[in-house]
Amino acid sequence: MLVLAVELVFRGSVSDSILFFQQLYRPAWTTVGLYALIILALDAVFGRAHNGLLIVAPLALFFTWVGRQKALYLGDPLYPADFLYSRQIFDLMPLLVRERPWTAVALLLAGVTVATGLVMAWRFWRKRGTRLSGKGRLWRLALAVPALTFFVSIMDYNTFSWARDRLHVQPIMWDQKENYAHNGFTMAFALNLPMADVSAPAGYSAQAISSIPSVPALFESTGKPDIIMVMSESFWDPTRLPGVSFNRDPIPTVRANQSGSVFSPEFGGMTANVEFEALTGFSNAFLPYGSIPYQQYVRHPVPSLATFFKSEGYETKAIHPYREWFWNRRNVYQSFGFDTFMSEENLPKLKARGPLVSDDALMDEVISEADKAKAPFFYFTVTLQGHGPYEPNRYKNSRINVATEAGEGPRQIIQTFSEGASDADRSLKKLMNWASHRKRPTILVFFGDHLPPLNEAYVTTGYMRDRVADRRAPLDDMLKQHETPLVIWSNAWGADYGVGTVSPSFLPLHLLELAGMSHPYYTGVLGAVRDKYKVIDRHMLVSENDEPMPDWSGKQQIDPLINNLRLLQFDMMFGEQHGTQKFFPETGAGKATAPML
């Protein structure tokens with residue numbers, strides 16, 4: 001009954017849950033056995049029969065419910081890595097409460113009621129449960145511990161297991177929706193536990209790394225231009241929504257100067273994963289599904305744009321008006337080689353627009369820092385104002401009016417988001433106006449990290465079938481659900497038009513091309529790949545000619561260009577860093593990163 005309840009909460013359908021047990025090629029009864037073993041072991045630990053159920057049942061149901069909520073809002077199921085950023089969720093709780101205060105009150109009351117009921121049930125059954133003899137406890141442990149140990153040993157999806165196959169547990173790691181659909185919540189969650197251990201790709205060796213070709217492209221030198229890269233929170237073009245009209249264009253500056261689009265690997269959240277690609281030139285496609293490199297993998301110096309520019313005599317600074325621990329940014333930025341991280345803790349008090357620091361105030365601070373700089377600088381800025389949820393009447397004196405037949409709720413969500421996007425657009429215009437009056441060459445890179453979580457507004461306007469994006473779909477659908485605007489602009493040449501749709505990992509290439517700077521990896525290796533592919537997604541490659549190549553990662557033969565990227569990324573993040581001297585000479589093997597200011 002417990003497993004049926006878990007699957008019912010996870011699937012939200014009685015028929016699907018019952019079907020899970022009826023189809024013998026799926027691991028429903030394996031899951032029953034796993035829960036039985038865990039309960040037996042806990043009974044032995046507590047010394048009373050059935051006490052283990054009082055612990056396992058509420059925990060399993062709670063995690064399943066959380067997983068279902070995540071799937072509804074972000075499109076992905078619950079992964080073990082999600083618990084690494086649980087603090088972020090609690091920190092953003094005030095924003096969620098602002099959007100739906102009565103829902104928050106109901107959840108709080110439900111939580112208190114459930115917690116009280118669990119305490120009372122534990123006290124009641126603890127006293128009435130049959131006390132186990134020493135022999136009873138011993139045989140339970142003798143049965144459960146070896147079986148659970150064996151189960152853990154066969155759950156590494158990187159190796160084939162005959163026993164796991166016989167138990168009908170199939171690791172479908174390349175498609176997590178199918179993984180959870182086939183294996184059920186419990187088994188799929190267990191399969192994802194080993195993701196913290198990233199195995200070396202086939203063929204990884206010092207010789208394989210040294211044989212990767214790199215011919216950095218040569219560009220006309222522009223000296224050492226100042227560079228400001230702005231990753232705008234949830235920035236997107238709301239005029240793409242069908243059947244929605246606006247009294248004015250929300251993003252005229254971006255539209256007039258748009259270089260192309262970023263194909264975001266995320267949707268509605270997970271900003272740090274987009275940031276990881278844009279700063280390193282590495283790809284989430286080569287990491288375990290559901291992983292968060294900022295939280296899990298960046299534990300030592302990792303080459304980035306900051307590392308390179310610092311070696312060129314640049315002042316490198318990261319600026320984000322939120323708390324330094326969020327997404328582990330302070331430690332990550334230090335590992336990336338930034339000199340300074342300006343966060344909520346050390347920034348001056350910045351004016352808010354709505355509940356969050358305004359984009360306008362943040363750009364004023366960026367300009368102030370730039371005006372004080374003595375050396376060429378590379379600034380990486382992450383905005384905050386555009387963060388969801390987009391509750392009605394979030395902004396006073398709204399300039400954007402929205403009309404749609406999709407309903408009043410979706411209209412208010414779209415209007416709130418569009419007003420914020422308009423603010424972001426004006427902040428870019430301010431930055432461009434400032435840069436256009438500078439004597440020093442200055443490059444601006446501005447892009448959205450992912451589509452905003454507009455929830456039902458996507459469905460009611462007919463933009464998408466569901467409230468969240470697909471992970472695997474035809475290319476046209478993927479572009480609709482993952483493209484965000486990109487502007488690459490210079491005060492010397494204007495906008496760099498014609499970039500097209502690219503993965504964030506190609507941004508370092510396009511930035512250095514415009515800056516007239518060469519690098520063995522960013523313009524050499526990435527440049528060779530960009531000549532053939534412009535999007536590297538976990539489920540799809542997109543060629544320079546817009547030809548989709550779905551499910552490429554599951555094929556036996558992978559293009560050597562892509563495989564070289566994967567080998568080199570593993571080498572620098574997890575391996576022996578054989579490629580340091582050849583591809584990242586500015587890093588230096590074993591060089592310590594100085595503490596940030």
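Asparagine 397 lies in the loop between strands E8 and E9; strands (E, at least two residues) and helices (H or I, at least four) are DSSP runs, numbered from the N terminus. This is a predicted model, in which local features need pLDDT of at least 70 and side-chain atom pairs count only at pLDDT 80 or more, while totals for chains, interfaces and linings use all residues. Residues are numbered from 1 along each chain as its sequence is written, and side-chain values use heavy atoms, with hydrogens and water left out.

The loop between E8 (377-382) and E9 (402-404) also holds proline 389. A cis peptide bond, with omega about 5°, joins glycine 388 to proline 389. Most peptide bonds are trans, and most residues other than glycine have a negative phi.

Buried means under 20% relative accessible area, exposed over 50%, and partly exposed in between (1.4 Å probe, protein chains only).

| Residue | Phi | Relative accessible area |
|---|---|---|
| Asparagine 397 | near 55° | 69%, exposed |
| Tryptophan 327 | near 60° | 7%, buried |

Tryptophan 327 lies in the loop between strand E4 (315-319) and helix H16 (329-336).

Tyrosine 333 and phenylalanine 341 are both buried. Rings of Phe, Tyr and Trp (its six-membered ring) pair if their centres lie within 6.5 Å; planes under 30 degrees apart count as stacked, over 60 as edge-to-face and the rest as tilted. The count comes to 30 aromatic pairs. The ring centres of tyrosine 333 and phenylalanine 341 are 4.8 Å apart and their planes lie at 80°, so this pair is edge-to-face.
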